[in-house]
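Visitor: I am new to this structure. Could you help me read a few of its features?

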Amino acid sequence: MYLITVWIAATIMMLGSLWYCYQIWCDEVSPPPATFIILSFTFPLAFYMYAQSPHWGFTANIGLTTAVVTVWIVTFILLAKLIIQKKLHIEINPFQRLTIIASFLVIGFWFITKDQFVSYVLLQVSALIGYIPVIKKLWSAEKNNDSFVFWSSLFLSTLVASYAAYERNDIQSWIYIIRALSSTSIVIILMIRINIKQKALK
């Protein structure tokens with residue numbers, strides 16, 4: 001059962017991300033490149049921190065493991081498309097700057113204190129802060145320009161991955177899962193809110 005849920009979680013996230021890449025390539029969605037560039041740095045950093053734990057497991061935190069791969073794929077497709085179209089423009093907003101600064105501060109804290117667990121928790125908190133621009137944008141948006149399928153796949157795969165964390169009794173996997181479920185659920189709820197508002201106006 002353990003390995004089955006691991007493969008299901010990884011497959012759901014990969015399929016959702018590949019669909020997201022297709023939507024990006026077809027101009028159905030236009031995520032800001034700065035967001036994914038930052039994620040392509042912070043997710044591997046979180047995985048590296050997690051791997052320093054004596055209790056870490058490659059499959060125990062399958063949500064984070066798969067997220068590293070998928071964020072690199074999405075970032076590559078997004079940047080390749082924008083470069084080909086000569087539309088690459090990277091604009092970093094204040095919250096993204098805060099996420100970058102927080103990540104470097106966490107690295108400094110980790111280097112000085114050697115406290116892997118607290119550093120990992122702080123990095124997850126900074127990742128949560130990084131979602132604030134997405135939430136703000138969706139809160140004021142009249143139309144949903146992001147992928148419901150992609151965000152739903154992130155939520156569902158993380159939910160399935162919680163079984164692996166439960167089986168391995170991995171507290172750091174649970175920290176990632178709680179952070180990921182809370183952030184993705186808020187995004188999905190806001191998307192549903194936009195759809196309800198659009199239907200009410202018709």
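Visitor: Is Cys21 buried or exposed?

Guide: Buried means under 20% relative accessible area, exposed over 50%, and partly exposed in between (1.4 Å probe, protein chains only). Cys21 has a relative accessible area of 7%, so Cys21 is buried. Cys26, at 36%, is partly exposed. This is a predicted model, where local features need pLDDT of at least 70 and side-chain atom pairs count only at pLDDT 80 or more, while totals for chains, interfaces and linings use all residues. Residues are numbered from 1 along each chain as its sequence is written, and side-chain values use heavy atoms, with hydrogens and water left out.

Visitor: How many disulfides are there?

Guide: A disulfide is a covalent bond between the sulfur atoms of two cysteines. Counted as a pair of cysteine sulfur atoms within 2.5 Å, the total here is zero. Cys21 is in no disulfide, and the nearest cysteine sulfur, in Cys26, is 11 Å away. That distance is too far for a bond.

Visitor: How do helix α1 and helix α7 pack?

Guide: Two packed helices are described by the angle between their axes and the distance between the axes. Axes are lines fitted to C-alpha atoms, for helices over the stretch in contact, and angles run from 0 to 180 degrees between N-to-C directions. Helices are DSSP runs (H or I, at least four residues), numbered from the N terminus. Here α1 (residues 2-25) meets α7 (residues 148-168) at about 160 degrees, with axes 8 Å apart. That makes the two helices roughly antiparallel (angles over 145 degrees).

Definitions and conventions: Angles under 35 degrees count as roughly parallel, over 145 as roughly antiparallel, 65 to 115 as roughly perpendicular and the rest as oblique.
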